[in-house]
Amino acid sequence: MTEENFDAIVIGAGMAGNAAAYTMASRGLKVLQLERGEYPGSKNVQGAILYSNMLEKIIPDFRDDAPLERHLVEQRFWMMDNTSHMGMQYRSDDFNESRHNRYTIIRAQFDKWFSRKVRDAGAVVLCETTATELARDTDGRVIGVRTDRTGDLILADVVVLAEGVSGLLGTRAGLRETPKPEHLALAVKEMHFLPEEVIDQRFGLSANEGCVIEAAGTISRDMAGLAFLYTNKESISIGIGCLVSDFASTRQPPYELLEGFKNHPSIRPLIAGSEVKEYAAHLIPEGGYNAIPQLFGNGWVVVGDAAQLNNAVHREGSNLAMTSGRLAGEAIHQVKKRQGQMTKENLALYKSMLDKSFVIKDLRKYKDMPALLHTNSRNFFMTYPQLLSQAAQNFIRVDSTPKIDKERAATATFIKARSRWGLVSDAVRFAFAWR
Ligand SMILES: Cc1cc2nc3c(=O)[nH]c(=O)nc-3n(C[C@H](O)[C@H](O)[C@H](O)COP(=O)(O)OP(=O)(O)OC[C@H]3O[C@@H](n4cnc5c(N)ncnc54)[C@H](O)[C@@H]3O)c2cc1C
C-alpha cells in the first residue's frame, strides 16, 4: 500500500477530468490524475466545437496559448432528403468579436494543452495508467483506486470519476447502471484535409472564420441521428451519429451512413479533392435528464459524459463536461476548506451547484425529447424531411400548375403520409418535448 494520500484522484484527462483537476490543483489541493491513453486526448473524439464561456470560467486567458482552429461565424442546419436539402442559416459579423464565443478545435491537441495547464497548476498527471478498481472501506466508502501499473492501492479523500461515456469503473463498482443502448449514440467521424484558402473559398470565410453544418433527414436512414461538418483551419471534420439501439435493430453499418452523407450532392463538392487522414468512432451519451445516474456518494463524485451530462438537442457535451468538472472541483474545495469529510451529505453540495447551473436546467427542459425522437425516428428523420423537401421543390419549381393547386397537393401529401390526427399529434408532442 502506498503511503501517499491525495486530497483527490481524478480518473480521466478529458474535458471533465481536466476541468476538475485544474480547479482543485489551482486552489492548492493535492491532486493525482490518471489517464489510460498514451497522452491526454489520444483516446478522445469530438466534432469539435469548444464553447468559450465555460472554459473562461476555468482558465480566463485561454486564448493566449490554447490550440484553437477557427472561430465560428456561421451556423447552418440542413434538413436533407436523398437529393436536396432545405435549411436555416445564421451568420453574423458580431461573432468576429475579440472574445469569440465558439471555436473549432482538434481534441488531441487541445487535451494536451489543457493537461499542461493541469500540471502547471500542481497536479500529478500519470498517463498510460488505467484505474482498474475503486477501493472501499468496510462501510462502503470509496477510499482510493487501484491501477494496472502495480495494483497498489492509491488513497484519496475523494475520487472524481471523469472516465467518459462508458464509465466502466463506476459501473463495475455498482455506483451506476450500464447505459442503455437507446441512451447512447454511436458517432463515426473523418478528418478531410484541404488547403486553408480552399476551405475559405468553399464556405465564404476569411481570417480564421469558421462555419458549421448540422444535418438531419434521410441520411440517417430511418434512425434517430444527426450528421455534422465543421471547418478547421486546414481540415474539415465530417461525421454522423445514430442511436446504438437503432444500429442494432436496423443492422446498418455506421461507415455506410457516413459514405452516404459524404456523397450527398450537397456535401460532395464541399470536401472534393480532400485527403482523408483520420477515422474515428466514439459513443455519445444521449439519454438526457432521465438517464442521469446518482452523481455523488461517500468518497466519490461523477462528472461529464460518465454522468450522461450531454445535451443532444443542442449538440453540446464538452461544455457540460467542463462545467460539471469545475463545479465538482469547487464543491470538493469548499468541503475541504471547512475541514469537512468527503461524505455523501457534504458532497451533495456538488449536485446542488449543478442543479443551479445551465447544465441541469437545459437537460431538464428537454427531458422528454430523447424518448420522443427514439420512438418516432421514422417520422421525424424520414417522412417529414421528404415531405418538406417535396413541398419546397413544388413551391419553387415554376410550371403551369396554378399555385392554389400546388398548395392543395402539398397539404394532401402531408395528410396522406401522416393523417390529420397524426400531424396534430406530432406537432403537439414535439412542442411539449421542446417547451
Ligand atoms: C463524434 C463526436 C462529436 C462531438 N462533438 C461535440 C462538439 O462539437 N461539441 C461538444 O461540446 N461536444 C461534442 N461531443 C461530446 C464531447 O466530446 C463529450 O461530451 C466530452 O468529450 C466529454 O468529456 P469527458 O471528459 O466527460 O469524457 P472524455 O472526453 O471521453 O474523457 C474521458 C477520459 O477518461 C479516460 N479514461 C476512461 N477510463 C479510464 C480509466 N479507467 N483510467 C484512466 N483513464 C480513463 C479516457 O481515456 C478519456 O481520456 C462530441 C462527441 C463525439 C463522439
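This is a predicted model: local features need pLDDT of at least 70, side-chain atom pairs count only at pLDDT 80 or more; totals for chains, interfaces and linings use all residues.

Colleague: Let's start with strand β12, residues 209-217. How many of its residues are buried?

Modeller: 9 of the 9, so β12 is largely enclosed by the rest of the structure.

Colleague: And what's on each of the faces of β12?

Modeller: Glu209, Cys211, Ile213, Ala215 and Gly217 are on one side, while Gly210, Val212, Glu214 and Ala216 are on the other. Both faces are covered, and all of those residues are buried.

Colleague: Which way does β12 run relative to β4, parallel or antiparallel?

Modeller: Parallel, with 9 bridges joining β12 to strand β4 (residues 71-80). Strand β13 (residues 225-231) pairs with β12 too, in the antiparallel sense, over 4 bridges.

Colleague: What stands opposite Ala215?

Modeller: Trp78 does. In β13, Ala215 has Ala227 as its bridge partner.

Colleague: OK, switching to helices. How many residues of α1 are buried?

Modeller: 11 of the 11 in α1 (residues 15-25), so that helix is largely enclosed by the rest of the structure as well. Among the buried ones are Met15, Asn18, Tyr22, Thr23 and Met24.

Colleague: What covers the buried residues of α1?

Modeller: The cover includes strands β1 (5-11), β2 (31-34), β3 (49-51) and β10 (153-161), plus helices α3 (107-120) and α9 (318-337).

Colleague: Staying with α9, at what angle does it pack with α10?

Modeller: About 145°, with the axes of α9 and α10 (residues 344-356) 9 Å apart. The crossing is right-handed.

Colleague: Which residues meet there?

Modeller: From α9 there are Ser324, Leu327, Ala328, Glu330, Ala331, Ile332, Gln334 and Val335, and from α10 Asn346, Leu347, Leu349, Tyr350, Met353 and Leu354. They divide into 10 nonpolar, 3 polar and 1 charged.

Colleague: Last pair, then. How do the axes of α13 and α15 cross?

Modeller: At roughly 125°, coming within 13 Å; α13 is residues 377-396 and α15 is residues 420-434. That angle makes α13 oblique to α15. Their crossing is left-handed.

Colleague: Which residues make the contact?

Modeller: α13 brings Asn379, Phe380 and Tyr384, and α15 brings Gly422, Leu423, Asp426 and Phe430. By type, the contact has 4 nonpolar, 2 polar and 1 charged.

Definitions and conventions: Residues are numbered from 1 along each chain as its sequence is written. Side-chain values use heavy atoms; hydrogens and water are left out. Axes are lines fitted to C-alpha atoms, for helices over the stretch in contact, and angles run from 0 to 180 degrees between N-to-C directions. Helices (H or I, at least four residues) and strands (E, at least two) are DSSP runs, numbered from the N terminus. Angles under 35 degrees count as roughly parallel, over 145 as roughly antiparallel, 65 to 115 as roughly perpendicular and the rest as oblique. A crossing is left-handed if the near helix is turned anticlockwise from the far one by less than a right angle, and right-handed if clockwise. Contact means heavy atoms within 4.5 Å. Ala, Val, Leu, Ile, Met, Phe, Trp, Tyr, Cys and Pro count as nonpolar, Asp, Glu, Lys and Arg as charged, and the others, Gly among them, as polar. Buried means under 20% relative accessible area, exposed over 50%, partly exposed in between (1.4 Å probe, protein chains only). Two strands pair if DSSP finds at least two bridges between them.
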